Number of protein chains: 4
Amino acid sequence: MHTEHQRCAEACYQCAAACEHCALSCLQEENIDMMRECIKLDVQCAALCRLAGQFMALESKHLPSLCRICVDVCKACAEECSKHQHPHCQQCAKRCRACAEACLQMAA
Amino acid sequence: MHTEHQRCAEACYQCAAACEHCALSCLQEENIDMMRECIKLDVQCAALCRLAGQFMALESKHLPSLCRICVDVCKACAEECSKHQHPHCQQCAKRCRACAEACLQMAA
Amino acid sequence: MHTEHQRCAEACYQCAAACEHCALSCLQEENIDMMRECIKLDVQCAALCRLAGQFMALESKHLPSLCRICVDVCKACAEECSKHQHPHCQQCAKRCRACAEACLQMAA
Amino acid sequence: MHTEHQRCAEACYQCAAACEHCALSCLQEENIDMMRECIKLDVQCAALCRLAGQFMALESKHLPSLCRICVDVCKACAEECSKHQHPHCQQCAKRCRACAEACLQMAA
């Protein structure tokens, strides 16, 4: 794998792990009512990032298009997560932003 | 799930199953040398269609963008598969075309 | 694909779709507090069933072991879902039980 | 996520990436005929490791059972890959062995 692809795949997998962890943690928060959107976006973002990581390794011709969606979903998830003070949300927002940045370069 | 979403999700999962089956069968063909591109596209198409099926059920806002990529990958896979006379390739091409058509409606 | 494998793969994908739909619907229920466990199991069950569907098509040697876990997760998800009267939970419980039954035969 | 879970999830995702890369590279090898089994195992191992990574973050009750299958599939993939001198096979075998070891601890 090219170094650039590998770095981006790592960002994708780290983002997926942060999203899954955030989703699980949100499900255990006392005030789950305000975490609905966060959980929903976490699940989508994790699934999409895992696929992007896979397409990175497969050197798919369709990688740039997929990365463009990844940028959008990661940004949406980061925006939602950054509204909450829970450490898992703050950590997830950070990983999502890093992944969005890495995917933006691959989408170009 | 809306009926339209459900029908498209079914087309996605049937396409994924046909692609995985085609990939495995290609790996067992005597003349594997000419099946390289087919296997590669099968693996990508299966993974993408499974994710599209998931996003369908999640009623993701990003579904139309994802469906547009799905249309492209399904068409590419159908085109490659239709070059080969193996029944699994012909069947896969058929499922890919059906999935591309269903996803095209969701992308609109 | 063998007919038996194909029937089981279909049960897996239908179960995955029902679980994803149930997860999303639970996230929109007014009384989300009592749906925590249901959402958690839905997400796990959907992911596992999608993988089982894939392994079915790949005719993996490790399919029986995977199907045994699938039986356990589907049963756990069905049990949790059947506690709730929401139509999406009832439907999900039904699909989970059908999938558990199909996987039990493949695990043998 | 617990540190131990996190370390294992990382091993899983690194293994998945190495397997996908190996599969793609095998598909481009001149002597593809002898890489059939390697490609087949790579695809299975990548999919299973990605799911294990997801279950790790979800702290699933069914993680130990899943990790046991992961150990088996990783070992099988490592054994096949170690038969070939291609750098991608050697690298994949290494990642598979590291993942098998990490999963073995989680399975206990």
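In the predicted model, chain C and chain D together bury about 1,500 Å², and 76% of this area lies on carbon and sulfur atoms. The contact is made by 17 residues from chain C and 17 residues from chain D. No salt bridges are counted between chain C and chain D, while two residue pairs are in polar contact, both at pLDDT 80 or more. Two elements of chain C, helix H2 (36–57) and helix H3 (63–81), each give at least two residues to the side that touches chain D. H2(C) provides the largest share, eight residues. Sorted by class, the side of chain C that touches chain D holds 10 nonpolar, five polar and two charged residues.

The interface of chain A and chain B was described in the same terms. About 1,500 Å² is buried between chain A and chain B, with carbon and sulfur atoms giving 76% of it. On the side of chain A, the residues that lose the most area to chain B are Gln44(A), His62(A) and Ile69(A), which together account for 35% of what that side buries. Chain A contributes 17 residues to the contact, and chain B contributes 17 residues. The number of salt bridges between chain A and chain B is zero. Two residue pairs are in polar contact across this interface, both at pLDDT 80 or more. Helix H2 (36–57) and helix H3 (63–81) of chain A are the elements that give two or more residues to the side touching chain B. Of these, H2(A) gives the largest share, eight residues. The residues on this side of chain A comprise 10 nonpolar, five polar and two charged.

Helix H3 of chain A was then examined along its length. H3(A) consists of 19 residues and spans 26 Å from its first C-alpha to its last, which is close to the 27 Å expected at 1.5 Å a residue. Its buried residues are Leu63(A), Leu66(A), Cys67(A), Ile69(A), Cys70(A), Val71(A), Val73(A), Cys74(A), Cys77(A), Ala78(A), Glu80(A) and Cys81(A).

Gln54(B) is located in helix H2 of chain B. The residue counts as buried because its relative accessible area is 9%, under the 20% cut-off. Apart from neighbours within four places in sequence, Gln54(B) is in contact with Tyr13(B) of its own chain, with Val43(A) and Ala47(A) of chain A, and with Glu20(C) and Arg50(C) of chain C.

Met106(C) belongs to helix H4 (residues 87–107) of chain C. Met106(C) is likewise buried, with a relative accessible area of 10%. When residues up to four places away in sequence are not counted, Met106(C) touches Glu4(C), His5(C), Cys8(C), Met56(C), Leu63(C), Pro64(C) and Cys67(C). Glu37(C) lies 69 residues from Met106(C) along the chain, and the C-alpha atoms of the two residues are separated by 28 Å.

Conventions: Residues numbered from 1 in each chain as written. Chains lettered and ligands numbered in written order. Predicted model: local features only at pLDDT ≥ 70, side-chain atom pairs only at ≥ 80, totals over all residues. Heavy atoms only, no water. Contact = heavy atoms within 4.5 Å. Buried area = accessible area lost by both parts, 1.4 Å probe. Salt bridge = Lys/Arg side-chain N within 4 Å of Asp/Glu carboxyl O. Polar contact = N/O pair within 3.5 Å; in protein donor to acceptor, adjacent residues only side chain to side chain. Helix = DSSP H or I, 4+ residues; strand = E, 2+ residues; numbered from the N terminus. Nonpolar A, V, L, I, M, F, W, Y, C, P; charged D, E, K, R; others polar. Expected span 1.5 Å × (residues − 1). Buried < 20%, exposed > 50% of the residue type's maximum accessible area, 1.4 Å probe, protein only.
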